[in-house]
2 protein chains.
Amino acid sequence: MELLTNQNYIDQLSIDCVIFGYENKQLKVLITKLNFKGNFYAIPSGFIHQEEDIDEAARRILEHRTGINNIYLEEFKVFGSANRNNKEFLDQLIAHNYPDSISEKTNIMEYQWFSKRFVSIGYYALVDINEVKPCLSEVYASIEWFDIHQIPALIIDYDKVVLAALNTLKEDIDKKLNVFNLLPEKFTMMEIQDIYETIFEKTYVRTNFQKKILELNTLERLEKKFTGAKNKAPYLYKIKK
Amino acid sequence: MELLTNQNYIDQLSIDCVIFGYENKQLKVLITKLNFKGNFYAIPSGFIHQEEDIDEAARRILEHRTGINNIYLEEFKVFGSANRNNKEFLDQLIAHNYPDSISEKTNIMEYQWFSKRFVSIGYYALVDINEVKPCLSEVYASIEWFDIHQIPALIIDYDKVVLAALNTLKEDIDKKLNVFNLLPEKFTMMEIQDIYETIFEKTYVRTNFQKKILELNTLERLEKKFTGAKNKAPYLYKIKK
């Protein structure tokens, strides 16, 4: 495992990213699987260079995993309990992959660096799922979208990080008007309603919902979307500049 | 200046606290003045022990400065630009106080530790101003309440931290129903209205305001508050358990 103590990172500080996408009435999260034997699932994360703003570090990590460089993101919470570290999962990983050389592995500098307590800055990101090209690295065997209700058990406290990100997203939606970042540039009112219904797990009355969204005064109405279907063509909208 | 590299703190990570109090239609912030020649004003801040949760560290710092141990606090934002460090103010402080030994001072270990880049976790706290007994230490020459509109220039980026805390407080008020932490246990509707008007710098119509607050369904009405004055005695309220 290539750990990167030689790259002049800030010690004991990491960035964890919960990347949300939306597709077919499912809210999805981008989950990585570590490139080792054993089911070590994680969310994209990384460290902060000494010469780098924390927001820049988050953008770098997100771009490396999604291929998108102007991603919408919000710093939402710091995870800083004293017993938060990588040691437990790292020891499991080593026992699984290098059973004959545990004592040797745990002696190396990189293990010492990586297994310390880490305070993590949590970011959540909203992306148009069609624009993402999940990018692997040496560290990741796979990187895939999972429905938020079907995420496998994650290492460290990442389950808690994902849940906290979801709760913040729910709080932020109307305040920051950011949910539109999950959609392509142009979308119908029904597509927004589908997203709200998926995230909040409830249904809305169509006319009331449309009124509520239009009152946010953030959308511009465009041409109609003709699909050739029998029902009336709906209007397209986009975010006002 | 007693710096504390020997106390096993996490490197390059600090906690900054914006402590809000309220009195006489003024929103106030607790400001410290460093115990050196020169006008070095700051907000209470500190570092995180290796064995300490970040919230615990914030509580410890707040208790040390206010004497209150069950203070209401919220982590609200991380300040992590790459050029954020203590070096500029530290060099000014040394030039002011030890003009003849600048090179010597800047050679010591503690200077090296303290002048590095620091990522800071911002907390805001709400206190009943009457319960606070501002506590000095060797590092602080004074610790006093300032009206938020009359805070002196602060070191590092603390002006920005205070402003960000105020903006978060405004966003949180109705959502977290936390403004009552600025008042004693029992209070009148007019006292709450005064706080809202002070924080948002606008006036509210009394009947509408009362309706809005009661609809939050978080207050319990108590006995009337008899003051001996001619006008009608107002009811007292407290937060529901």
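Predicted model: local features only at pLDDT ≥ 70, side-chain atom pairs only at ≥ 80, totals over all residues.

Reader: Why are α6(B) and α7(B) called roughly perpendicular?

Author: The axes of α6(B), residues 189–200, and α7(B), residues 206–215, cross at roughly 95°. Angles of 65 to 115 degrees count as roughly perpendicular, therefore the two helices get that label. Their axes come within 10 Å.

Reader: What makes the contact between α6(B) and α7(B)?

Author: From α6(B) come M189(B), M190(B), I192(B), Q193(B) and Y196(B). R206(B), F209(B), Q210(B), K212(B), I213(B) and L214(B) belong to α7(B). By class this contact has seven nonpolar, two polar and two charged residues.

Reader: How do you know that β9(B) and β10(B) pair?

Author: Pairing requires at least two bridges between the strands, and β9(B) and β10(B) have four, in the antiparallel sense. Within β10(B), I239(B) stands opposite L219(B).

Reader: Which residues are closest to the centre of the largest pocket, and which classes line it?

Author: The volume of the largest pocket is about 1100 Å³. Closest to its centre, of 46 lining residues, are E75(A), F76(A), K77(A), E75(B) and F76(B). By class the lining has 16 nonpolar, seven polar and 23 charged residues. α5(A) gives the most, with eight residues.

Conventions: Residues numbered from 1 in each chain as written. Chains lettered and ligands numbered in written order. Heavy atoms only, no water. Axes fitted to C-alpha atoms, helices over the stretch in contact; angles between N-to-C directions. Parallel < 35°, antiparallel > 145°, perpendicular 65-115°, else oblique. Contact = heavy atoms within 4.5 Å. Nonpolar A, V, L, I, M, F, W, Y, C, P; charged D, E, K, R; others polar. 1 Å grid on protein atoms, 1.4 Å probe; cavity = no way out; pocket = protein on both sides within 12 Å on 5 of 7 lines; lining within 4 Å. Points joined across faces, edges and corners; volume = space filled by probe spheres on them.
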